[in-house]
Amino acid sequence: MGFVKCLKYLTLVVCIVSCKKQQVLTLVAEKEAVYLPLPQKVIAPVDNQMTKEKIALGKLLFFDPILSGERNVACATCHHPKNGYAEFRDLSIGVNGKGFGAQRKIIKTDSTLSFVKRNAHTILNTAFNGISETGQVLAKKAPMFWDNRVESLEVQALEPIKSLEEMRGFKIAESAILDTIVLRLNNNKRYKELFKNAFDTEEIKDTHLGKAIATFERSLITPNSRFDQFLRGNDSALSISEKEGFETFKRIGCAHCHNGPMFSDYKLHTLGMIENEKLASPDKGANDQFKFRTPTLRNLQFTAPYMHNGKFNSLKRVLEFYEEIAGKKMKNPNVGVKDLDTLIKKVSIKTKDINLIVSFLNSLNDNNFDKETPKSVPSKLPVGGDI
């Protein structure tokens, strides 16, 4: 019997040869996760470069309920700066709601319009969605939403307007809503001026609308967390427990999915997350496989509750869930152990690890972002909608 060993790149192939058969075993050496500080400058698409005029226009649109079917909901209703451009709710309430954040209530309880299907992502750092481990950003290919169903901020910005529960409502058909909103903007003298300044156009189109909102969203970055400072060479930016938490985070397997500058591989994974009982039917995620995107871990202090359906109110509970899954204690009857993502099976978290990891995660917060709310919007409607 002879042995042949071949090392090429990171793959080790061991060939075991006998007189009866040949068996080939492939062992892939696991590469260590890469962590770089968040870029301090944004790369925008060639056809939508950032200007102060676009940012200012996009911000007004973001806070203006003129974009909703019934003129009562704005992007900022569920993504408000006071809440870190997210929302302190498990599931958002769109057109059939009134109130702010956790206090927002459903208006018509007899309506089929109730909760938005998933927890509201923060807008902070969405400029870097899809960023690679090495810091490369492809703005036009950036994945959006919990199921990665569209690419680029320009496309994402228009999707909530078309959504029944979020901003559209029943009164306007999905096929007509964008034309309706664009007509409203073209009939508004102030918006006509602002779009003219930003895009040098006499006629506002839905593409201009998407580009303006996307540009404002790209201006909302937080590249100077204490962890970023640490990566840039300031060793004292992290405490001893935070450094130990970072090493624990990597050692137990969190880094398999939470890597790169945004602490996300932006891939879809099946975790068997417990369902939110507020929904009438289970959320099957991408491709009906209960797959959801790895969320960023940046600015978690602003984004509770956590997970795609907001079921966990604390980071401790999130980590306990991963401990349960690692122990094959399934929480979703629709997902079996065999359905779990292969990477989750590599997580080996223990109770003693949790506090250290939470300590480290707190070093990823950065509250230096635009928190100013416009005093008024061109439509003259309530800023932010019915909040």
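Predicted model: local features only at pLDDT ≥ 70, side-chain atom pairs only at ≥ 80, totals over all residues.
Local features need pLDDT of at least 70 and side-chain atom pairs count only at pLDDT 80 or more, while totals for chains, interfaces and linings use all residues. Residues are numbered from 1 along each chain as its sequence is written, and side-chain values use heavy atoms, with hydrogens and water left out.

**View 1. Helices α1 and α8 cross one another.** Helices here are DSSP runs (H or I, at least four residues), numbered from the N terminus. The axes of α1 (residues 52-63) and α8 (residues 206-218), lines fitted to C-alpha atoms over the stretch in contact, come within 7 Å and cross at roughly 100°. The pair is therefore roughly perpendicular (65 to 115 degrees between N-to-C directions). Contact (heavy atoms within 4.5 Å) involves, among others, Leu 57 and Leu 61 of α1 and Leu 209 and Phe 216 of α8.

**View 2. Leu 61 sits in the largest nonpolar core.** Such a core is a set of buried (under 20% relative accessible area, 1.4 Å probe, protein chains only) Ala, Val, Leu, Ile, Met, Phe, Trp, Tyr and Cys residues joined through side-chain atoms within 4.5 Å. Beyond its neighbours within four places in sequence, Leu 61 is in contact with residues including Leu 67, Leu 185 and Tyr 191.

**View 3. Asn 129 is a buried loop residue.** Find Asn 129 between β5 (105-106) and β6 (143-144), strands being DSSP runs of E, at least two residues. Asn 129 counts as buried because its relative accessibility is 5%. Not counting residues up to four places away in sequence, Asn 129 touches Met 262, Tyr 266 and Arg 293, among others.

Key. Axes fitted to C-alpha atoms, helices over the stretch in contact; angles between N-to-C directions. Parallel < 35°, antiparallel > 145°, perpendicular 65-115°, else oblique. Buried < 20%, exposed > 50% of the residue type's maximum accessible area, 1.4 Å probe, protein only.
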